[in-house]
Amino acid sequence: MSKLSQYLAFQDRVSEWVGRTFCWLCLVMIAVLCYEVAARYLFNSPTSWAHESTTMLYGTFCILAGVYTHKHHGHVRSEVIYNLFPERVRAALDVITGVIGLVVFSVFFYISFNFAADSWAIGEVSSKSTWGPVVYPFKSVIPLAVGLMILQSIAALIRSAMIVIGMQPEPQV
């Protein structure tokens, strides 16, 4: 197995692990919301933390799900036109959009990294509720997820480039 194949397999495993691990946040969110509904309507004792914590969990879940979705080609694409082209032309289109995506992700990574670093520097807490939880760990998920998207995008770009030059990439794990 070549170094390139090892990288592609490793990146696929990382993206798969992220998706399969963080999908459980849905159950945590459901449990928190069920607790809130019961506390509010059965015991007339609403919480000050449930809404904000589920918002943070949902944000974490959604942004990390993008990595898994990208690995499985689940993001929106106009496939009616795309599928009219032969495989090598589709791969060439994927290379073009992949390079553009990497540029956008790189800019977004830079901005989100500074956003999270500033939050850590001031020890930012939420002002949205009386609970006032720390938010910098959740803001740190943004550059982490963007970094993982960059890595998965590189893997997809490599696979597409291999098809364009006539090589057959190894199947995804």
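This is a short tour of the structure, stop by stop, with something to select at each one.

**Before you click**

You're looking at a predicted model, so local features are reported at pLDDT of at least 70 and side-chain atom pairs at pLDDT 80 or more, while totals for chains, interfaces and linings use all residues. Numbering starts from 1 along each chain as its sequence is written, and side-chain values use heavy atoms, with hydrogens and water left out.

**Stop 1: colour by confidence**

Start with pLDDT, the predictor's confidence in each residue, from 0 to 100. The protein averages 92, and 98% of the residues score at least 70. Among the elements, α5 has the highest mean pLDDT (96) and α4 the lowest (85). Those labels are DSSP runs numbered from the N terminus: helices are H or I of at least four residues, strands are E of at least two.

**Stop 2: a salt-bridge network**

Select E16, R20 and K71, which are linked in a network of salt bridges. A salt bridge here is a side-chain nitrogen of Lys or Arg within 4 Å of a carboxyl oxygen of Asp or Glu. The structure holds five of them.

Take R20 and E16 as the opening pair: their closest N and O atoms are 2.8 Å apart. Both residues sit in helix α1 (residues 3–22), four residues apart, or about one turn of the helix. Now for accessibility, where buried means under 20% relative accessible area, exposed over 50%, and partly exposed in between (1.4 Å probe, protein chains only). R20 counts as exposed because its relative accessibility is 54%, whereas E16 counts as buried because its value is 13%.

Next, the side chain of K71 meets that of E16 in a salt bridge at 3.1 Å, N to O. This pair links distant parts of the chain, with K71 in helix α3 and E16 in helix α1, 55 residues apart. K71 is buried, as is E16.

**Stop 3: another salt bridge**

Select K139 and E124, whose closest N and O atoms are 2.8 Å apart in a salt bridge. Where do K139 and E124 lie? K139 is in helix α6 and E124 is in the loop between α5 and α6, 15 residues apart, and the pair links distant parts of the chain. At 17% relative accessibility, K139 counts as buried; E124, at 22%, is partly exposed.

**Stop 4: two loop residues with positive phi**

Select N44, in the loop between α2 (25–42) and α3 (50–71). Its phi is near 50°, a positive value in a residue other than glycine. Why flag it? Because most residues other than glycine have a negative phi. N44 is also exposed, with a relative accessible area of 68%.

Then jump to H73, in the loop between α3 and α4. H73 isn't a glycine either, and its phi is positive at about 55°.

**Stop 5: the largest pocket**

Which helix gives the most to the lining? That's α5, with nine residues. Both α5 and α6 (136–164) supply at least two residues each.

**Stop 6: a nonpolar surface patch**

Switch to a surface view and select V80, I81, L84, F85, V89, L93, I96, I100 and V104, which make a nonpolar patch of about 860 Å². Patch residues have over 30% relative accessible area and no salt bridge, and nonpolar side chains (Val, Leu, Ile, Met, Phe, Trp, Tyr) are joined within 5 Å. Areas come from the Shrake-Rupley method with a 1.4 Å probe.

α4 (79–82) and α5 (87–122) each supply at least two of the patch residues, and α5 gives the most, with five. For a closer look, pick L93, which is in helix α5. L93 counts as partly exposed because its relative accessibility is 34%.

Notes. Patches are made of residues with over 30% relative accessible area and no salt bridge: like charges are joined within 9 Å, nonpolar side chains (Val, Leu, Ile, Met, Phe, Trp, Tyr) within 5 Å.
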